[in-house]
Amino acid sequence: MPKQAIIPPGTAAPIGPFVPGSLADGILYVAGTLPFDSQNNVVHVGNAGAQTRHVLETIQRIVETAGGTLADVTFNHVFLKHWEDYAAINAVYAEFFPGEKPARYCVQVGLVKPEALVEIASVAHIGKPV
């Protein structure tokens with residue numbers, strides 16, 4: 001099964017040995033996405049809602065680069081630093097998935113950079129590979 005790396009134009013180099021997305025047999029796996037700018041600095045420090053928006057906009061760009069839309073997302077893995085940010089994260093998350101929601105789980109974890117409050121990884125079924 002051949003796979004294709006999905007890297008939107010202008011994407012910063014990952015901070016580890018991975019690509020933003022990997023497409024195989026019409027299924028897109030989006031790596032854990034943090035609220036990073038183009039230099040891998042955390043944006044919107046202290047604001048979980050704004051960080052979630054940034055993360056989901058990044059995921060949207062990855063999915064669109066692979067030929068899909070957020071409606072193709074079937075599963076999200078949500079990692080949050082503090083449970084008190086759960087409501088703010090969910091409020092923004094609901095804006096990006098207004099209709100039928102993808103399955104997901106949400107766990108509290110330590111994230112790779114202390115200022116990051118949320119990380120999301122996704123799976124999307126796009127159909128035919130690009």
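This is a predicted model: local features need pLDDT of at least 70, side-chain atom pairs count only at pLDDT 80 or more; totals for chains, interfaces and linings use all residues.
1. Leu23 stands opposite Leu28 in E3. The two strands make a hairpin with 2 residues between them. Asp25 sits in that turn, and its phi is positive, at about 50 degrees.

2. **Strand E3.** E3 spans residues 27-33 and is mostly covered. Of its 7 residues, 5 are buried. E3 also pairs with E6, in the antiparallel sense over 5 bridges. In that pairing, Val30 stands opposite Ser122 in E6. In general, side chains of a regular strand alternate between the two faces of the sheet.

3. **The whole sheet.** The sheet is open and has 6 strands, in the order E1-E2-E3-E6-E4-E5. Its pairing is mixed. Strand E1 (3-6) and strand E5 (103-108) are the edges, and each pairs on one side only. Neighbouring strands are turned by 15 degrees against each other on average, direction ignored.

4. **The parallel pair.** Which sense does the pairing of E4 and E5 take? Strand E4 (residues 73-80) and E5 are parallel, over 6 bridges. His77 stands opposite Tyr105 in E5.

5. H2 covers residues 86-96. The helix lies across E4, E5 and strand E6 (118-125). Against E4, H2 runs at about 155 degrees.

6. **Aromatic pairs.** How many aromatic pairs does the structure hold? The count is 4. One of them joins Phe79 and Tyr105: 6.2 Å centre to centre, with 85 degrees between the planes. That pair is edge-to-face. It links distant parts of the chain, with Phe79 in strand E4 and Tyr105 in strand E5, 26 residues apart. Tyr105 has 36% relative accessibility, so it counts as partly exposed.

7. **Trp83 and Tyr86.** Why is this pair edge-to-face? The ring planes of Trp83 and Tyr86 stand at 65 degrees, with the centres 5.8 Å apart. The angle is over 60 degrees, so the pair is classed as edge-to-face. Are the two residues buried or partly exposed? Trp83, at 42% relative accessibility, counts as partly exposed. Tyr86 is also partly exposed, with a relative accessible area of 34%.

8. **Charges over rings.** Two cases deserve a look. Arg104 lies over the face of Tyr93, at 4.6 Å from the ring centre. Lys113 has its charged end over the ring of Phe36, 5.0 Å from the centre of that ring.

9. **Gln51, a buried polar residue.** Where is Gln51 placed? Gln51 belongs to helix H1 (residues 48-65). Its relative accessibility is 0%, under the 20% limit, so Gln51 counts as buried. What does its side chain reach? The side chain of Gln51 reaches the backbone oxygen of Glu115, at 3.1 Å. Leaving aside residues up to four places away in sequence, Gln51 touches two stretches of the chain and one further residue: Pro35; Val42, Val43, His44, Val45 and Gly46; and Glu115, Ala116, Leu117 and Val118.

10. **Gly110.** This residue is in the loop between E5 and E6. Is Gly110 buried or exposed? At 71% relative accessibility, over the 50% limit, Gly110 counts as exposed. Along the chain, Gly110 and Lys81 are 29 residues apart. Their C-alpha atoms are separated by 5.8 Å.

11. **Glu100.** Glu100 is found in the loop between H2 and E5. With 80% relative accessibility, Glu100 counts as exposed. Glu100 and Asn41 are 59 residues apart along the chain. The C-alpha atoms of these two residues are separated by 33 Å.

Definitions and conventions: Residues are numbered from 1 along each chain as its sequence is written. Side-chain values use heavy atoms; hydrogens and water are left out. Two strands pair if DSSP finds at least two bridges between them. Helices (H or I, at least four residues) and strands (E, at least two) are DSSP runs, numbered from the N terminus. Axes are lines fitted to C-alpha atoms, for helices over the stretch in contact, and angles run from 0 to 180 degrees between N-to-C directions. Contact means heavy atoms within 4.5 Å. Rings of Phe, Tyr and Trp (its six-membered ring) pair if their centres lie within 6.5 Å; planes under 30 degrees apart count as stacked, over 60 as edge-to-face and the rest as tilted. Buried means under 20% relative accessible area, exposed over 50%, partly exposed in between (1.4 Å probe, protein chains only). A charge sits over a ring if NZ of Lys or CZ of Arg is within 6 Å of the ring centre and within 35 degrees of the ring normal. A polar contact is a pair of N or O atoms within 3.5 Å; within protein, one must be able to donate a hydrogen and the other to accept it, and residues adjacent in sequence count only if both atoms are side-chain atoms.
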